[in-house]
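The sequence and the structure come first, followed by the description.

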Amino acid sequence: LAEFTLSRRDPEYVGRAKDVQKIEYARLKGINPAHGELEEVYSAIKTIPGQSGLNPMDIEFGSTIYANKPGDGSAREQAASCQRVLGALANITQEYATKRYRSNCMNWGMIPFHLKGDPDFEVGDYVFVPGIRSALDNNELSSIKAYVIKGGKVSEIELYIQDMTQNERDIVKAGCLINFNRDKAAG
């Protein structure tokens, strides 16, 4: 589950990303996030077929950035790391400007989603991607159902991920390249 953010140029991005990150930190400490505004979000998610038994404590919560073609310009080397430090879980895009930027996203543990069609979400909406770990495990990345939650209503969108190697999928699942290498050395 991710709160959607339009772009890094959005002056409120950092504050919103930090607010989202606080929710995830609280969830990791055992505090159920399904209260206040999020109660409506989780209630909407439970209306999605197969999600009626959803436990909010089992869903990672983070920010997400959408851009048509991210990763161009002088910020591309640091953009992914800055997003991840602020709790980003993914990027959603039409196309990545460079292979390097897409690789940086994966190395920082963020999923490099592509969107089929035009975005049907805006700042403050929530994007729920059920079964993403299974999709990564099984290399089923060509068509991924996701759901936009806006004002208590749910709409479906289709995402996909361009080819990823097994190592890239494992890095994303580990949370970043550092964790992947640590786990590999320990195991």
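## Overall fold

The model is predicted. The protein chain holds seven helices and seven strands, and their order along the sequence is β-α-α-β-α-β-α-β-β-α-β-β-α-α. The radius of gyration is 16 Å, close to the 16 Å that the globule rule gives for 187 residues, so the protein chain is as compact as a globular protein of that length. Along the principal axes, the C-alpha trace spans about 40 × 40 × 30 Å.

Of the 187 residues, 45% are buried. When contacts between residues at least 6 apart in sequence are taken, 65% of them join residues at least 24 apart.

## Helix 2

Helix 2 covers residues 37–45. Its buried residues are Leu38, Val41, Tyr42, Ala44 and Ile45. They sit on the same side of helix 2, because the arc they cover around the axis is only 155°. The elements that cover these buried residues include helix 1, strand 5, strand 6 and strand 7 (153–160).

Val41 belongs to this helix. Its relative accessibility is 2%, so Val41 counts as buried. In sequence Val41 and Val148 are 107 residues apart, while in space their C-alpha atoms are 9.8 Å apart.

## Helix 6

In helix 6, which runs over residues 166–174, the buried residues include Arg169, Ile171 and Val172. Viewed down the helix axis, the buried residues of helix 6 fall within an arc of 160°, so they line one face of the helix. They pack against helix 4 (99–107), strand 4, helix 5 (132–137) and helix 7 (177–186).

## Aromatic pairs

The count of aromatic pairs is three. One of them joins Tyr66 and Phe121, with 5.7 Å centre to centre and 75° between the planes, and is edge-to-face. This pair links distant parts of the chain: Tyr66 is in strand 2 (residues 62–67), and Phe121 is in the loop between strand 4 (111–115) and strand 5 (126–128), 55 residues apart. Both Tyr66 and Phe121 are buried.

Tyr96 and Tyr101 form another aromatic pair, which is tilted, with 6.0 Å centre to centre and 35° between the planes. Tyr96 is buried, as is Tyr101.

## Cysteines

How many disulfides does the model contain? The count is zero. A disulfide is a covalent bond between the sulfur atoms of two cysteines, and the cut-off applied here is a pair of cysteine sulfur atoms within 2.5 Å.

Cys105 counts as buried because its relative accessibility is 0%. Cys176 has a relative accessible area of 12% and is buried.

## Single residues

Asn139 lies in the loop between helix 5 and strand 6 (144–150). Its phi is near 55°, a positive value in a residue other than glycine. For context, most residues other than glycine have a negative phi. Is Asn139 buried, exposed or partly exposed? With a relative accessible area of 42%, Asn139 is partly exposed.

Asp19 is part of helix 1 (residues 13–28). The relative accessible area of Asp19 is 45%, so this residue is partly exposed. Asp19 and Lys145 are 126 residues apart in sequence, and their C-alpha atoms are 26 Å apart in space.

Conventions
Residues are numbered from 1 along each chain as its sequence is written. This is a predicted model: local features need pLDDT of at least 70, side-chain atom pairs count only at pLDDT 80 or more; totals for chains, interfaces and linings use all residues. Side-chain values use heavy atoms; hydrogens and water are left out. Buried means under 20% relative accessible area, exposed over 50%, partly exposed in between (1.4 Å probe, protein chains only). Rings of Phe, Tyr and Trp (its six-membered ring) pair if their centres lie within 6.5 Å; planes under 30 degrees apart count as stacked, over 60 as edge-to-face and the rest as tilted. Helices (H or I, at least four residues) and strands (E, at least two) are DSSP runs, numbered from the N terminus. The arc is that of the directions from the helix axis to the C-beta atoms. Contact means heavy atoms within 4.5 Å. The radius of gyration is taken over C-alpha atoms; the globule rule is 2.2 Å times the number of residues to the power 0.38.
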